[in-house]
Protein chains: 2
Amino acid sequence: MEKLGKQTIKLSTPVTILETASIVGPKEAGGPMAPYFDTCLQDEFWGEKTWEKAESKIIKETVNTVIAKSGIAANDIDYCFAGDLLNQCISSSFGLRELNIPFFGVFGACSTFAESMCLGSIFVSSGAAKNVLCATSSHFCSAEKQFRFPLELGNQRPPSSQWTVTGSGATILSNSGDGPYITHITPGKIIDLGITDANNMGAAMAPAFVDTLITHFKDTGRKPSYYDVIISGDLGHIGKDIAIDLAMSKGYNIKSNYNDCGVLMFDKDTQDTHSGGSGCACLGSIFSGYFFKQLKEKKIKRILVIATGALMNSTSVQQGESIPGIAHALSIEI
Amino acid sequence: MEKLGKQTIKLSTPVTILETASIVGPKEAGGPMAPYFDTCLQDEFWGEKTWEKAESKIIKETVNTVIAKSGIAANDIDYCFAGDLLNQCISSSFGLRELNIPFFGVFGACSTFAESMCLGSIFVSSGAAKNVLCATSSHFCSAEKQFRFPLELGNQRPPSSQWTVTGSGATILSNSGDGPYITHITPGKIIDLGITDANNMGAAMAPAFVDTLITHFKDTGRKPSYYDVIISGDLGHIGKDIAIDLAMSKGYNIKSNYNDCGVLMFDKDTQDTHSGGSGCACLGSIFSGYFFKQLKEKKIKRILVIATGALMNSTSVQQGESIPGIAHALSIEI
């Protein structure tokens, strides 16, 4: 491994993203990304009695899908890295408890997918593992219930709020295969600029995104134009605009090649999701469903993936705390 | 790195545990381990308005203490791995948000300290980092409030219940220094034998402990007698007895050199903690406070540390789910 600058690690051997899989819910099935997912569900319960059990089933089946698609036997996967938004990450632990693969629980809120891939890529690149599994999930109904209001209340959502994606993304990273390759990771610091509005996560997380973005450029000596695409997840419409302005104010113009998975997931005009999508599964499913295929088909050659997370809970909001953000970056090339 | 057997990694270069620190609450200050902690608090609030803020302060000050004791400048620490029991791991993210060190959030319930050290040791041994920080915390009052009943209710606790330790443990792992060395890690699988009693965590986690224990022995070819001490955290009195019996039934006699941090933390006769201590800080503070000093003073030369976690939340218990357990092992030698 080679440490570049303050935070970036250049992997000693690039790690192949062998395969990905994605399952999403009915709302996401009505959005512009629908054609790219492996499975679109018709209801939020998927035959289960509770939203929590449904979310566990979604991550479980997404993991089963990625293993089946990869052609790798489950017992050839050395370690699993997974986490989610539910208290104590129960959708991952319950969904993956029958997997029989050594398990590292990860919590990075909506940055979990990238955090898992950062950790997994160090394991693979260092020779500690040949194949690792990274997975995450989120669920609109279980997240609303836990973080905000019971859905039965029919509460009105403020315009700056985002819609938690129901779904899951999973990937297998490997020391063999012919790419796309993870070449660098830039794990992020906790950044808290004092935003206290739990209905404006985009504003809370945008500074963390920009901090990791600029750190990645400084550490690697690269410029925004090095990448065909830079994606964040999940700043939404409001957070995306803040991120572009904030990066510009620090001398980095990302207007032409940057987009946010929260913006991409839903149709702004017809789907009434206000500032866009959020949740671990937003970037998880869009990377797994859309961008991985773009890389495999060589439609894009270099992508910088920066997943963002808001590290708060409902108690901290009630206690008047501000919302710390974090963002982890992965540089991926074919 | 060398993969041994199914789950164990022999680190390519052993990783030094450079320094540790521990802070505990007033109940722990009355127990037999009190002389070994850096700081014993006189009340559960430590001048803060809420238990959650107190817990954040405890992990923050424990981290400040370990950095000060180590002599390493904070900006020479490459990455931080931390997590806790609170929903969305807020004591770690709030306590460490001013640290300015790239941050990996970890969730392994009471196995978090060992999980963090497993991840951190791979980063150091692989050359991805020179120094990493691992930290965890728990708090009796915030945990009771979140997982069980408001303390104000004065609820009676069943005899099989454990007492969540108020405190924090933190360590700095380094590629330089003269030990004690982490030489092997054995990350555990999720094991769920169907225990549904949330007041009997020891029973829920003991099978995961035994699974990781035996896997470690099979992977390394070692026997229980290889180690001066084997410690678990936190099975408590009931879980410890189950673990000894379960291991014996599979041909491994650990009676003479095994103990549990939940058993060690409190005086069974006078402190009224029923089955003993629990919480991320139980093993975290006892390893940091007691066993690290035993290693440094060469009173013990080889220790197998196996931290256990129960991967459930209060909703999963209400929904009748069983309790998945996990256990991560570290082999440490001088």
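Visitor: Which residues touch the most other members of the largest nonpolar core?

Guide: Keep in mind that this is a predicted model. Nonpolar side chains tend to be buried together in soluble globular proteins. Here the largest nonpolar core has 231 residues, and the ones touching the most other members are Cys80(A), Val132(A), Val305(A), Cys80(B), Val132(B) and Val305(B).

Visitor: What does Val132(B) touch, leaving out residues up to four places away in sequence?

Guide: Let's zoom in on that one valine. Leaving out those sequence neighbours, Val132(B) touches Gly120(B), Phe123(B), Val124(B) and Leu173(B), plus the run Ile77(B), Asp78(B), Tyr79(B), Cys80(B) and Phe81(B).

Visitor: Is H2(B) largely enclosed or largely open?

Guide: Count the buried residues, where buried takes 20 or more other C-beta atoms within 10 Å. In H2(B), 16 of the 20 residues pass, so the helix is largely enclosed by the rest of the structure.

Visitor: How far apart are the end C-alpha atoms of helix H2 of chain B?

Guide: Helix H2 of chain B covers residues 51–70, and at 1.5 Å a residue it should span 28 Å. The model agrees with that, because the end C-alpha atoms are apart by 29 Å.

Visitor: How many residues of chain B are in contact with chain A?

Guide: Start from the chain A side, which puts 25 nonpolar, 16 polar and seven charged residues against chain B. Those 48 residues of chain A meet, on chain B, 48 residues.

Visitor: Which element gives the most to the side of domain 1 of chain A that touches domain 2 of chain A?

Guide: Across this boundary, 57 residues of domain 1 of chain A are in contact with 59 of domain 2 of chain A. With 12 residues, the top contributor on the domain 1 side is S2(A).

Terms used:
Residues numbered from 1 in each chain as written. Chains lettered and ligands numbered in written order. Predicted model: local features only at pLDDT ≥ 70, side-chain atom pairs only at ≥ 80, totals over all residues. Core = buried A, V, L, I, M, F, W, Y, C linked by C-beta atoms within 7 Å. Buried ≥ 20, exposed ≤ 12 C-beta atoms within 10 Å, placed from the backbone. Contact = placed C-beta atoms within 7 Å. Helix = DSSP H or I, 4+ residues; strand = E, 2+ residues; numbered from the N terminus. Expected span 1.5 Å × (residues − 1). Nonpolar A, V, L, I, M, F, W, Y, C, P; charged D, E, K, R; others polar.
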